[in-house]
Amino acid sequence: MKQITLRGYAKINLTLDVTGRRDDGYHLLEMVMQSISVADTIRIQTTTEPGIRVTCNQSLIPCDPSNTAFWAAQLFSRHHAFTDGLSIHIDKQIPIQAGMAGGSADAAAVLVGLNRLLETGDSLDELCKLGLMVGADVPFCIRGGTMLAQGIGEILHPLPSMPDCFLVVCKPSVNVSTGEAYARIDHVPLPIHPNTKAMVQALKQGDLSAIGGYLCNVFEAVLQLPEIDAIQRIMEQHRALGSRMTGSGSAVFGIFQTESDAQNCVSFLQNQYPETFLCRPVSQGVE
């Protein structure tokens, strides 16, 4: 019986643009993605009892084949003709329905973990191909760091690391369905698009103030959630260099130069929004 424990890191979108739609209905994206230190912990264990068993510390998370960790384990087992059983426990800290790729992070951790645990020797490219069958964000969550993502999110170009800083992430009680958000975007004119080239240049220059200034997410205009605006105002009042919603929502993040400003913002927000975190950028997707 073998066991391995890993952390699957969440992500934020420094930019997120929808540039078109494929014939199969998937939307074409261009976005700058960043791994952050908020993470789920995944414990994987081989068992003599056949089948895959998933458990989680949060009752709202399904532990059946619809769970991304279950799906990833099933794909990996079939790909490598692995017939023994697997027990997977998810200690979930990444907020759900937040736009932070929590489910994708879990799937990425399972694929990376099984590759190490079973010593199958898959390359990152091979793991990303399997991951894409689970979800478009999984390849990024496998690689992690700072990336320009295109296509449906699976075409990844490494970027210079985000300068070290402090991030405040706040998840309001409102939940956003990813499917509903993408359905809305087809019927709403987008008033503004990110300047992705400028964001990439700011990263290359290591200019944290410019990175904060070029944050942009087209879903904010589509969803128009009052809670998002309220959290952004609070972050800006606490000296955030910039603040935006991540993914299709509903978590909001702010970039801070100093830990004291970030901690003051966390203390203020936690009175109303318990799911508020102080974190930092990280350079990997799974550890």
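This is a predicted model: local features need pLDDT of at least 70, side-chain atom pairs count only at pLDDT 80 or more; totals for chains, interfaces and linings use all residues.
1. Let's start with helix H9, residues 226–237. With twelve residues at 1.5 Å each, H9 should span 16 Å, and its end C-alpha atoms sit 17 Å apart, which agrees.

2. Which residues of H9 are buried? They are Ile-228, Ile-231, Gln-232, Ile-234 and Met-235. These residues cover an arc of only 160 degrees around the axis, so they are on the same side of H9. The spacing makes sense: an α-helix has 3.6 residues a turn, so residues three or four places apart point the same way. Turn to the face of H9 away from the buried side and you'll find the exposed residues Pro-226 and Gln-237.

3. What covers those buried residues? The cover includes strands S7 (166–170), S9 (242–245) and S10 (252–256), along with helices H8 (219–223) and H10 (259–270). Have a look just past the end of H9 too: Arg-239 takes a positive phi of about 75 degrees there.

4. Now the sheet. It is open, has four strands in the order S9-S10-S7-S11, and its pairing is antiparallel. S9 and S11 (276–279) are the edge strands, each pairing on one side only. From one strand to the next, the twist averages 20 degrees. H9 packs on this sheet, touching S7, S9 and S10, and its direction makes about 10 degrees with that of S10.

5. Zoom in on S7 and S11: these antiparallel strands are joined by four bridges. Val-168, for instance, has Leu-278 in S11 as its bridge partner. Helix H10 lies across S7, S10 and S11, and runs at about 170 degrees to S11.

6. On to charges. Side chains of opposite charge can pair when their charged atoms come close. How many salt bridges does a search of the whole structure find? It finds ten. One of them joins Asp-186 to Arg-21, with the closest N and O atoms 2.8 Å apart. That pair links distant parts of the chain, 165 residues apart: Asp-186 is in the loop between helices H5 and H6, Arg-21 in strand S1.

7. Another salt bridge brings Asp-164 and Arg-280 together, at 2.7 Å from N to O. Asp-164 lies in the loop between S6 and S7 and Arg-280 in the segment after S11, so the pair ties together parts 116 residues apart in sequence. Asp-164 counts as exposed at 54% relative accessibility, while Arg-280, at 34%, counts as partly exposed.

8. Finally, look for Asp-40, Lys-92 and Asp-106, which are linked in a network of salt bridges.

Key:
Residues are numbered from 1 along each chain as its sequence is written. Side-chain values use heavy atoms; hydrogens and water are left out. Helices (H or I, at least four residues) and strands (E, at least two) are DSSP runs, numbered from the N terminus. The expected span of a helix is 1.5 Å times one less than its number of residues. Buried means under 20% relative accessible area, exposed over 50%, partly exposed in between (1.4 Å probe, protein chains only). The arc is that of the directions from the helix axis to the C-beta atoms. Contact means heavy atoms within 4.5 Å. Two strands pair if DSSP finds at least two bridges between them. Axes are lines fitted to C-alpha atoms, for helices over the stretch in contact, and angles run from 0 to 180 degrees between N-to-C directions. A salt bridge is a side-chain nitrogen of Lys or Arg within 4 Å of a carboxyl oxygen of Asp or Glu.
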